[in-house]
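Colleague: Could you take me through one part of this model in some detail? I'd like to look at where the two chains meet, then at a few spots away from there.

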Amino acid sequence: MAEIRTEEMLMNVGPQHPSTHGVLRLVVKLDGETIVDVDPVVGYLHRGTEKLAEDLQYTQIIPYTDRMDYLAAMLNNYALVHAVEEAMELQIPERAEYLRVIVMELNRIASHLLFIGAYLLDLGAMSPFLYVFQDRERILQLFNEICGARITYNYMRIGGVKWDAPPGWIEKVQQFVPHMRESIKMLHDLITGNEIFLNRVKGIGAYDAETAIAYSLSGINLRCTGYKWDLRRNRPYSIYDRFDFEIPVGKNGDCFDRYILHLEEMEQSLRIVEQACGQIPEGPVMGKVPKILRPPAGEYYSGIEGARGELGVYFVSDGKDKPYRLKFRRPSFVNLQLLPSLLKGQNMANLIAILGAVDIVLGEVDC
Amino acid sequence: MSEDQKETLPPSSGDGGRSGRDAASSEAVAEGVDAKRTASPSAGGEPGTKPQEAAPKREPAAKREAPPKKDAPPKEPDPREAPARALLEEVVAEVKTVFPDAVEGAELQKFRPVLLIRREYWRDVLHLLKTGERLRFRYLECMAGVDYPQGGYIEVVALLTRMPEATMIEAKTRTPRDAAELPSAVPVFPGANWEEREIFDLLGVHFEGHPDLRRIMMPDDWRGHPLRKDYSPFE
């Protein structure tokens with residue numbers, strides 16, 4: 001009897017596929033149901049931000065950062081202005097620092113909420129997506145009130161922030177905090193105990209801390225292995241040293257740990273928001289900065305803890321008002337590198353579970 | 001910084017709102033930049049010598065701006081300076097014991113030690129920086145390429161971090177623009193893979209020994225390397 005001829009199959013996932021969170025394309029080589037090799041193809045959303053930035057003054061680059069990680073644009077704004085402020089040693093008014101921390105942590109919560117909704121949607125659960133959007137909507141409303149935009153905020157400036165909080169805004173944030181705590185509890189009830197979900201994510205896509213460090217992973221992708229590394233603590237910037245908060249870490253480095261850390265980090269962000277709302281002083285929100293910003297010639301790097309990991313800005317100044325070279329170290333881009341080795345040997349059905357847990361934003365991967 | 005007083009406003013979207021406050025005094029502008037420096041006791045010390053250089057050129061505003069510029073050269077020592085310099089010396093010494101002629105230059109950039117490595121030793125030095133007993137910079141935080149057409153070279157930068165202390169150093173190397181080639185760092189840091197592909201794509205540096213050197217951002221059939229300073233999309 002003749003043998004049945006078998007061969008490996010190439011399957012194309014994306015770039016227009018709802019589970020790839022944007023325009024990521026995966027060329028998957030399959031042996032039956034088993035993944036033999038994966039080649040992620042990126043660049044579909046490449047806009048040349050770094051090249052464009054070379055022709056823009058530092059303040060003009062800020063709106064471009066909104067479009068990188070568009071789920072956490074406040075953090076992107078901050079990464080850039082923080083790098084320039086460090087280079088020029090500018091003094092930032094207290095109130096501006098507090099406002100920045102409040103909006104950054106709220107943005108982190110909004111971003112993590114969307115992760116949870118989208119991840120569960122990837123795995124086939126529709127309802128969490130609808131619940132998280134209710135809470136995310138409240139955060140976007142708050143942002144709308146403070147800066148007039150829901151996604152692309154363009155809120156931070158070199159030396160401070162663009163707008164002071166409108167009257168009653170801080171109180172609204174304070175009211176939001178307990179509400180959000182209830183929501184997190186609800187999400188735990190809804191998802192964390194669900195057996196179908198647990199079977200899909202427990203022990204899937206696991207790696208250890210050594211691998212994570214070798215691949216330069218950061219953020220939750222690194223902390224899920226149990227390695228405590230958060231730039232807000234390890235290399236404190238802004239006023240994070242004034243707040244009392246924990247760095248949650250995982251144990252197994254699997255998809256479940258990555259999921260649960262998002263929920264735990266939201267709780268910590270709420271703690272920071274709560275403390276910041278209690279401490280925020282009155283005062284100006286914009287420091288004294290030169291009208292034309294010329295960082296002294298040199299090379300600068302500063303990294304912050306973004307929603308997805310370390311968001312770094314490396315720039316070379318030649319003393320002019322535009323950067324000679326500006327490089328964004330985007331956490332999604334770096335984190336995505338590990339994907340092929342995670343997927344090798346996995347079942348095809350796990351592809352979406354593992355990819356979803358990496359938590360990428362293609363606007364940031366492609367920059 | 002002396003040209004800061006030019007009254008041109010940046011045509012940026014954002015500054016309209018605060019221009020009222022800023023217009024109040026041009027001297028405030030100068031103070032902002034040098035807030036740290038002027039805090040030093042020497043700030044008001046030698047205004048006597050100053051006016052002769054600054055006065056002839058400009059109106060009173062120029063005079064005010066001058067003092068902070070004057071005491072720039074002395075520079076009070078920053079508390080971050082000493083440990084950074086110690087680290088720099090330590091790292092350079094460590095590297096030199098193994099590769100005596102690998103280090104071309106060493107300096108501090110904003111309190112971050114920077115080592116300029118001869119490019120033949122690039123991968124070996126990175127390996128040493130990662131595994132050396134007293135170095136242990138095992139986390140590659142960021143890689144970037146910078147084009148310097150005047151110097152005729154492209155600089156590739158790697159920012160390395162020691163964990164968990166979060167001490168960061170910068171290693172960089174140079175390669176000629178017309179034959180840009182470097183040993184790949186991927187065997188040492190697997191995380192350098194995509195960063196090097198990006199540098200190859202956008203700056204045209206070939207990384208020898210890279211497992212998968214293809215374009216990553218631009219289409220595969222793209223010609224030219226967009227981040228080079230002389231790149232023109234219309235050729």
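Colleague: How many residue pairs are in polar contact between chain A and chain B, with both at pLDDT 80 or more?

Modeller: The count is 26 residue pairs in polar contact between chain A and chain B, both residues at pLDDT 80 or more; that term covers N or O atoms within 3.5 Å, where within protein one must be able to donate a hydrogen and the other to accept it, and sequence-adjacent residues count only if both atoms are side-chain atoms. Bear in mind that this is a predicted model: local features need pLDDT of at least 70 and side-chain atom pairs need 80 or more, while totals for chains, interfaces and linings use all residues. As for bookkeeping, residues are numbered from 1 along each chain as its sequence is written, chains are lettered from A and ligands numbered from 1 in the order written, and side-chain values use heavy atoms, leaving out hydrogens and water.

Back to the interface. On the chain A side, strand 6 (residues 298–305) gives the largest share, four residues; strands (E, at least two residues) and helices (H or I, at least four) are DSSP runs numbered from the N terminus. The residues on that side split into 27 nonpolar, 12 polar and 20 charged. Here nonpolar is Ala, Val, Leu, Ile, Met, Phe, Trp, Tyr, Cys and Pro, charged is Asp, Glu, Lys and Arg, and the others, Gly among them, are polar.

There are 10 salt bridges between chain A and chain B, meaning a side-chain nitrogen of Lys or Arg within 4 Å of a carboxyl oxygen of Asp or Glu. One of them pairs Glu195(B) with Lys327(A), the closest N and O atoms being 2.8 Å apart.

In contact terms (heavy atoms within 4.5 Å), 59 residues of chain A meet 71 residues of chain B. The buried area is about 5700 Å², and carbon and sulfur atoms give 53% of that; buried area is the accessible area (1.4 Å probe) that two parts lose on being put together, summed over both. Lys291(A), Glu299(A) and Tyr324(A) supply 14% of what chain A buries against chain B, more than any other three residues.

Now for the spots inside chain A. Arg100(A) is in helix 4, and Arg100(A) counts as buried because its relative accessibility is 0%, the cut-offs being under 20% relative accessible area for buried, over 50% for exposed and partly exposed in between (1.4 Å probe, protein chains only). A polar atom of the Arg100(A) side chain lies 2.9 Å from the backbone oxygen of Gly160(A). Leaving aside neighbours within four places in sequence, the contacts of Arg100(A) include Tyr78(A), Glu85(A) and Met156(A).

Helix 4 (residues 94–122) also holds Ile109(A), which is buried at 0% too. Beyond sequence neighbours within four places, Ile109(A) is in contact with Ile139(A), Met180(A), Met266(A), Ser269(A) and Leu270(A).

Finally, helix 14 (residues 350–358) of chain A has nine of its nine residues buried, so the helix is largely enclosed by the rest of the structure. Among those buried residues are Asn350(A), Ile354(A) and Val358(A). Just after helix 14, Asp359(A) takes a positive phi of about 60°.
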